[in-house]
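Please open the model in your viewer and keep the selection panel at hand. The tour below goes from one selection to the next and says what is there at each stop.

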Amino acid sequence: MYLATLTLFLMAVISPFKALRPAAELASKVASKPYDVLSSKEAKTEAQGNSYSFLHITKSEIDLPDSTDVHSAEVYQKARQNLDAFVQRNILFRESKPCYYIYELVMNGRSQTGLVCGSSLDDYEKDIVKKHEFTRPEKEQDRINHIKTTGAHTGNVFLAYRNVEAIDALVDQWKKDRNPVYSFLADDGVQHSIWVVNDASAISHITSLFEEEVPCTYIADGHHRAASAARVRKEFGSKAPEGADIFLTTLFPAGQLAIMDYNRVVKDLNGLSVEDFIQRLQQDFTIEPADKAVMPSALHEFGMFTHGNWYKLTARPGTFSNDPIGILDVTILQNNVLDKILGIKDPRTDSRIDFVGGIRGLSELEKRVKSGEMAVAFSLHPVSIQQLFDIADSGNVMPPKSTWFEPKLRDGLLTHLLD
């Protein structure tokens, strides 16, 4: 009996919530790309001519002079003003009772369907919500300020869990029997559809299924959003509003997910000539010139673009360890190239390195190098879902920017208010 009770206690706890969401006819106009995949300049262009765009809330600096510090109090206050204005203009309304939401995305013919809910911050603190990356303090602080000033979780944390047949069946049946409240094709070609689960018995059943069948969830995308929500609750202390005990998440069964490559660009060769750099690389890699862009087709293969030429690099046996972290290609590149040769000890803080999501394609790597902004680019083979789970289960963390998930959830369709 004691063991059964303990097992139940350690399972995932999720909650329905009263979403702040757009009127149906405005959903496609409100929905915006996540705040962290757009620069301020890109966000301003994206929202131009669209007063309904949720970017006015998540990237509110677009409504202020270009000289404004994006981390100034003025930016967060503008976000709150814009959020209030969206409610006053009836662009957004609050659900009358707590609900779950089903969110389907279809990209290039591949679909994935998740459950939008509140996940327990107690679970986050107890590592029932598992992490695989460290966070950057300045990025955490940005979201902390945004959450505290707006009183809302505007960014969705993307969680994965091992497939549970009963949950899959329930979600599929709900989609089959009912029409979505939103369904639109975004400008990037991704179809977004959302169903409201407002039936009390269905809500109870979903909650129970997670408590009984899902021992843990894994952060796939949104480590900073999750960490910031936890920090906000801690800062509130005993004065924390009820809604501060959960954070906004969408839970996807792992079998529906795919991870894309997350590539690297570096500003200089650390004082080396191209010839010397390649010679140093040969200690740990075989190197073959390539006549076109190199997308690695297997683990431990890398593409490299520098000085107008592509190369295929293959890690030599014995130059890396076989533990869950050491065997990752991002670790091999970090240890044997970025640190050992280029002197980049901490990619989280070194300004010489930048990261390029695979959705931007290899042409983006070429562009960054050909422009003179960067000296060398590396393309990597994607991390697998199983590798992500293995590392999170082991209590280890991946190097930063190891995974890129597509398609992305849109901001603004479902927001969690703290009050």
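This is a predicted model: local features need pLDDT of at least 70, side-chain atom pairs count only at pLDDT 80 or more; totals for chains, interfaces and linings use all residues.

**First stop: a helix and its cover**

Move on just past the end of α14 and select Gly395, which takes a positive phi of about 85 degrees.

**Second stop: Met107**

Next select residues 100–107, which form strand β4, and find Met107 within that strand. Is Met107 buried or exposed? Met107 is buried, because its relative accessible area is 16%, and buried means under 20%.

Select Cys99, which is buried with a relative accessible area of 1%. Cys99 is in no disulfide, and the nearest cysteine sulfur, which belongs to Cys117, is 13 Å away. Then select Cys216, which is also in no disulfide, the nearest cysteine sulfur again being that of Cys117, at 14 Å. Cys216 is buried as well, with a relative accessible area of 10%. With a cut-off of 2.5 Å between sulfur atoms, the count of disulfides comes to zero.

**Last stop: the whole chain**

Finally, clear the selection and show the whole chain, whose secondary structure comes to 14 helices and 21 strands. The C-alpha atoms fill a box of roughly 65 × 60 × 45 Å along the principal axes. The radius of gyration of the chain is 22 Å, which agrees with the value near 22 Å that a compact globule of 419 residues would have. Of these 419 residues, 55% count as buried, and among contacts between residues at least 6 apart in sequence, 78% join residues at least 24 apart. If you display the surface, its accessible area comes to about 18,300 Å², of which 50% belongs to carbon and sulfur atoms. Colouring by charge brings up 46 positive and 56 negative side chains, and the centres of the two sets lie 3 Å apart.

Key. Residues are numbered from 1 along each chain as its sequence is written. Side-chain values use heavy atoms; hydrogens and water are left out. Buried means under 20% relative accessible area, exposed over 50%, partly exposed in between (1.4 Å probe, protein chains only). Helices (H or I, at least four residues) and strands (E, at least two) are DSSP runs, numbered from the N terminus. The radius of gyration is taken over C-alpha atoms; the globule rule is 2.2 Å times the number of residues to the power 0.38. Contact means heavy atoms within 4.5 Å. Accessible areas come from the Shrake-Rupley method with a 1.4 Å probe; for residues, only the protein chains shown count as cover. Lys and Arg count as positive and Asp and Glu as negative; His and the chain ends are not counted. The place of a charge is taken as NZ of Lys, CZ of Arg, CG of Asp or CD of Glu.
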